[in-house]
Amino acid sequence: NGKYVDSQLSQIPGITPQKRTADATRDAYHLYCFRYDQNVWGIPRQKLMQALNAEGIPAVAGYVVPLYKQPLFAQKNFGPYTGYKLNHPDIDYGSMNLPNCEAICAGEGGWLLQNLLLGSRADMDDVVAAFRKVYEHRDELGARRRQEVGAAR
């Protein structure tokens, strides 16, 4: 189902399924990850997630703070797991420069929950149809957002 959804969502402008390399023979799809281009859709990621959820598709933005900036890594609070001290004792997660990770967390990443992929082909078509519907109505969502922002001022 994941590969099928990949093939379908990759046809929607501004949605790029997570790339799978040719040497990967299996994928657990613990999460179905995709990249979202706000410039194509004209609405922020959170508006997309809200619209997909309204269509019955459980979608989330994913990590909004990169893993390497989470306290676990920033403070090296790995509990009894100290292997890094032998292999990479000088690792400094705070000094890392990971622009793709930053971009995905800041607004380009999206996740579908894995249980979504346990359904039938018709269920997968429903997922894709929801993306298409939101894409087709993105201008309305953008106009509604502009009204909300204007009213808040």
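Trainee: Which residue stands opposite Val60?

Mentor: This is a predicted model, in which local features need pLDDT of at least 70 and side-chain atom pairs count only at pLDDT 80 or more, while totals for chains, interfaces and linings use all residues. Residues are numbered from 1 along each chain as its sequence is written, and side-chain values use heavy atoms, with hydrogens and water left out. E3 pairs with strand E4 (residues 109–113) in the antiparallel sense over 2 bridges; pairing requires at least two DSSP bridges between the strands, and strands (E, at least two residues) and helices (H or I, at least four) are DSSP runs numbered from the N terminus. The residue of E4 opposite Val60 is Trp111.

Trainee: Which strands stand at the edges of the sheet?

Mentor: The sheet is open, has 4 strands and pairs them antiparallel in the order E1-E2-E4-E3. Two of these strands have a single partner each, so one side of each is left without a neighbour in the sheet: strand E1 (15–17) and strand E3 (59–60).

Trainee: At what angle to E2 does helix H6 run?

Mentor: Helix H6 covers residues 99–108 and lies across E2 and E4. Axes are lines fitted to C-alpha atoms, for helices over the stretch in contact, and angles run from 0 to 180 degrees between N-to-C directions. For H6 and E2 the value is about 90°.

Trainee: How far apart are the axes of H1 and H7?

Mentor: Tyr4, Val5, Gln8 and Leu9 in H1 meet residues of H7, including Met124, Val128 and Phe131, where contact means heavy atoms within 4.5 Å. The two helices pack at an angle of about 30°. That makes H1 roughly parallel to H7, a term for angles under 35 degrees, against over 145 for roughly antiparallel, 65 to 115 for roughly perpendicular and oblique for the rest. The axes of H1 and H7 are 10 Å apart.
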